[in-house]
Amino acid sequence: MASMQKQQETTRRQFLRRLIKGIMVISATAFIYPLLRFTGFTVKPKPRYIVIRKNIPFGGSYTEHDFILFQSEKGPVAISRRCTHLGCRVHYRQELELIECPCHQSRFTLTGERISGPAENNLALYPVRLLQDDKGDVNGYEVTI
Ligand code: FES
């Protein structure tokens, strides 16, 4: 009888220890998470490689969900479609030869440089790698976003 009571007490003590540990972990997380957010700590997402199996002629463009790929005189340029003002998706205005944000009309050049509007920064550029066939002709692009 005495040993059973002692065993129950041990179980009660174990339960209380676990409860206190759990409360400490939750309290630490509740304190550390806002602290990390405040200091700007972020985990960088893994890069995504998007392959476009298409040859874009000089002056041409290809619009994807997250970027616009232009074939300029300096080579292919991939520009983010995320506006640097509040994050709306920008559009390529072919007739004006510029990129425009539909939300507050920020405008950018075809190389992503800011022209006008409330956006204060240029659009992000993504690295582009040319894909070639066996003969060395360009037959696609790999954009890293
Ligand atoms: S979100 Fe693009 S200009 Fe405001």
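How many salt bridges does the structure hold? I began my notebook with this, keeping in mind that what I have open is a predicted model, and the count I found is 5 salt bridges.

**Entry: Arg48 and Asp66**

I looked up Arg48 and found that its side chain meets that of Asp66 in a salt bridge, with 2.9 Å from N to O. The pair links distant parts of the chain, since Arg48 lies in the loop between helix H1 (2-39) and strand E1 (49-52), while Asp66 lies in the loop between strand E2 (61-63) and strand E3 (67-72), 18 residues apart. I then checked accessibility, and Arg48 has 44% relative accessibility, so I noted it as partly exposed.

**Entry: Arg129 and Glu142**

My next look-up was the salt bridge between the side chains of Arg129 and Glu142, where the N to O distance is 3.2 Å. Here too the pair links distant parts of the chain, with Arg129 in strand E10 (residues 128-132) and Glu142 in strand E11 (residues 138-144), 13 residues apart. Buried or exposed, I asked of Glu142? With a relative accessible area of 16%, Glu142 is buried, whereas Arg129, with 44%, is partly exposed.

I found the side chains of Arg107 and Glu100 meeting in a salt bridge at 2.8 Å, N to O. Glu100 is buried, because its relative accessible area of 11% falls under the 20% cut-off, while Arg107 is partly exposed at 29%. Which residues are linked with Glu100 and Arg107 in a network of salt bridges? I wrote down Arg93 and Glu95, which join Glu100 and Arg107 in that network.

**Entry: the cysteines**

Last, I compared accessibility among cysteines, and Cys103 counts as partly exposed at 34% relative accessibility. Cys83, at 4% relative accessibility, counts as buried, and Cys101, at 2%, counts as buried too.

Methods
Residues are numbered from 1 along each chain as its sequence is written. This is a predicted model: local features need pLDDT of at least 70, side-chain atom pairs count only at pLDDT 80 or more; totals for chains, interfaces and linings use all residues. Side-chain values use heavy atoms; hydrogens and water are left out. Buried means under 20% relative accessible area, exposed over 50%, partly exposed in between (1.4 Å probe, protein chains only). A salt bridge is a side-chain nitrogen of Lys or Arg within 4 Å of a carboxyl oxygen of Asp or Glu. Helices (H or I, at least four residues) and strands (E, at least two) are DSSP runs, numbered from the N terminus.
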